[in-house]
Amino acid sequence: MYADALQSVALAVAQVRSVDLVLARVVHGLAAQPDVALARLWLIAPGDICDVCPMRAECPERTRCLHLAASAGGSREDPEEEWSRLDGAFRRFPLGVRKVGQVGATGEPVLLQSLGGQAGWLVRGEWARREDIQSFAAQPLVFRGDVLGVLAVFSRRALGAQEFSWLRSFADHAAVALANARAFEEVARLRGQLELERDYLREEVKDALAFGELVGRSAALQRVLQQLQPVAATTASVLILGESGVGKELIARALHEQSPRRERPLIRVNCASIPRELFESEFFGHVKGAFTGALRDRAGRFQAAEGGTLFLDEVGEIPLELQGKLLRVLQEGTFERVGDDVTRKVDVRIVAATNRNLKAEVAAGRFREDLYYRLSVFPIEVPPLRERAEDIPLLAEHLLQRVSARLKVAPPRLSQAHVQALQRYDWPGNVRELENVLERAVILSRGGKLRLEGALPETTRPEAPPERKAPAPSTMSFLNETQWRQREKENLQAALAAAGGKVYGPGGAAELLGIAPTTLASRLKALGIKVR
């Protein structure tokens with residue numbers, strides 16, 4: 001081996017940004033030198049084949065070992081013999097075991113200038129004699145004080161101290177090139193991850209605040225928010241239950257934002273919108289050519305959510321035959337892309353949501369029981385809007401601002417009469433329907449006074465009283481706003497007195513007045529009436 005030749009190889013290696021290319025150029029560059037029979041490079045990595053490793057009995061620990069990562073050379077006796085394989089008997093070396101393992105464990109190089117007196121050390125002595133192997137040299141790959149691996153050379157002529165020194169320098173160059181290539185690959189991986197997150201988040205951005213922020217002060221909503229705090233700090237799976245349109249996604253976002261994973265992405269999957277044939281590809285990704293139309297590699301939603309939260313919306317819509325595939329990745333934390341045999345690990349927190357009764361679905365055989373228990377470690381039920389009517393004024397005001405900004409008009413004023421009209425409705429479509437009604441009302445208002453007529457469903461309007469002859473103008477009377485509010489206040493106070501101060505339940509003021517308890521509570525608050 002000559003210094004100039006090794007220097008040119010080192011320069012070529014330094015320009016490479018791929019770990020595999022660095023390793024290949026190192027061993028092929030060495031194998032191309034005069035009288036080098038075989039060059040090999042092992043890297044320290046976690047133990048992976050301990051149960052079948054030929055050196056299992058010699059291994060002092062089964063956590064890390066030297067993995068054969070690159071090999072190059074040629075036989076004089078049989079030019080067809082393959083020496084670049086990485087799956088032979090020496091594909092793993094336990095740290096501290098034999099010469100290669102000792103170099104990896106201690107970071108100290110080894111030079112055997114003459115193998116004649118080392119026949120006992122050579123496991124394949126016949127091979128060495130047949131190939132006329134005279135010397136063996138091994139140098140550690142050291143970067144910033146850490147041993148990355150071992151570089152070894154089998155030579156057909158005796159190696160001197162100067163050549164051993166050149167090999168040391170070459171090993172140092174190789175270690176730096178390897179560390180740089182690993183850094184470049186990590187940067188590329190992170191860039192790819194960020195681009196993947198960007199693409200997915202762009203899809204979500206327009207729906208990110210579909211119902212606005214979590215708005216409301218009702219006791220029902222506060223109970224939900226109180227449940228978020230203890231579970232947010234954990235990695236437990238959460239199942240959010242509630243009718244369509246109640247804002248389950250907002251609860252999932254609030255959970256993510258309060259968790260330690262807030263700096264990583266929240267990726268949403270609408271399980272109801274994924275065709276059966278694309279389920280695996282959407283969740284786990286695919287490689288180019290895996291199926292018709294797979295024109296390039298594509299990462300799935302699990303990979304996009306790495307380190308963050310995966311929100312499975314409408315999880316009850318996943319077909320039964322596909323639920324097992326989802327269960328496997330939840331249990332094992334591993335998956336394979338479609339058309340790929342590489343198993344990937346993933347660290348993802350699962351939050352699922354559904355408007356179905358999953359217990360009933362399990363009983364009916366339409367949802368796997370083991371998947372249900374995996375998802376519902378911590379269930380949270382979001383109350384429908386009709387059970388928190390006192391939140392309607394705040395919600396309506398907030399949504400009016402959003403709708404008006406979207407339509408580029410001045411937000412109309414929301415009066416007490418409007419609030420009462422909104423509170424009289426049951427809202428089967430919940431917050432989504434409320435936003436829909438308000439948007440329709442803003443459009444009808446055309447920048448003027450808010451018009452709920454024609455926007456609210458007909459069922460919200462009180463039935464018209466029987467037609468009566470209008471009294472003569474001289475006998476008509478009316479109340480102004482102040483008088484009306486005073487009369488309403490007196491009426492509510494009278495109902496409370498008749499009910500003994502009781503608002504809810506049988507015989508309560510709400511029952512006496514024929515209105516919902518939540519509606520009565522809202523009116524009492526608006527009129528400043530305190531209940532003892």
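Trainee: Why does E317 count as partly exposed?

Mentor: Buried means under 20% relative accessible area and exposed over 50%, with partly exposed in between (1.4 Å probe, protein chains only), so E317, at 31% relative accessibility, counts as partly exposed. Bear in mind that this is a predicted model, in which local features need pLDDT of at least 70 and side-chain atom pairs count only at pLDDT 80 or more, whereas totals for chains, interfaces and linings use all residues. Residues are numbered from 1 along each chain as its sequence is written, and side-chain values use heavy atoms, with hydrogens and water left out.

Trainee: What makes the pair of R356 and E317 a salt bridge?

Mentor: The term requires a side-chain nitrogen of Lys or Arg within 4 Å of a carboxyl oxygen of Asp or Glu, and in R356 and E317 the closest N and O atoms are 3.1 Å apart. R356 has a relative accessible area of 32%, so R356 is partly exposed.

Trainee: How many salt bridges does the structure hold?

Mentor: The structure holds 29 salt bridges, one of which joins E336 to R328, with their closest N and O atoms 2.8 Å apart. E336 has a relative accessible area of 24% and is therefore partly exposed, and R328, with 31%, is partly exposed too.

Trainee: Is E361 buried or exposed?

Mentor: E361 counts as buried, because its relative accessibility is 10%. E361 forms a salt bridge with R366, the closest N and O atoms being 3.0 Å apart, and R366, at 46% relative accessibility, counts as partly exposed.

Trainee: What makes α13 roughly perpendicular to α14?

Mentor: The axes of α13 and α14 come within 10 Å and cross at roughly 110°; here axes are lines fitted to C-alpha atoms, for helices over the stretch in contact, and angles run from 0 to 180 degrees between N-to-C directions. Angles of 65 to 115 degrees count as roughly perpendicular, while those under 35 are roughly parallel, those over 145 roughly antiparallel and the rest oblique, and therefore α13 is roughly perpendicular to α14.

Trainee: Which residues of α13 and α14 meet?

Mentor: I392, P393 and A396 in α13 meet V419, L422 and Q423 in α14, where contact means heavy atoms within 4.5 Å. The residues of this contact divide into 5 nonpolar, 1 polar and no charged, because Ala, Val, Leu, Ile, Met, Phe, Trp, Tyr, Cys and Pro count as nonpolar, Asp, Glu, Lys and Arg as charged, and the others, Gly among them, as polar.

Trainee: Why does V409 count as partly exposed?

Mentor: V409 has a relative accessibility of 32%, and so counts as partly exposed. V409 lies in the loop between α13 (392-407) and α14 (416-423), and, leaving aside its neighbours within four places in sequence, is in contact with S404 and V442. The C-alpha atoms of V409 and G447 are separated by 6.0 Å, although these residues are 38 apart along the chain.

Trainee: What phi does N430 have, and where is N430 found?

Mentor: The phi of N430 is positive, about 60°, although N430 is not a glycine, and N430 is found in helix α15 (residues 430-445). N430 is buried, because its relative accessible area is 0%. E314, which is not a glycine either, has a positive phi of about 55°; E314 lies in the loop between β11 (309-313) and α10 (320-332) and, with a relative accessible area of 15%, is buried.

Trainee: Which residues of helix α3 are buried?

Mentor: In α3 (residues 98-106), the buried residues are K99, V100, G101, V103 and G104. What covers them includes β1 (36-46), β2 (64-73) and β5 (135-143). Just after α3, G107 takes a positive phi of about 75°.

Terms used
Helix = DSSP H or I, 4+ residues; strand = E, 2+ residues; numbered from the N terminus.
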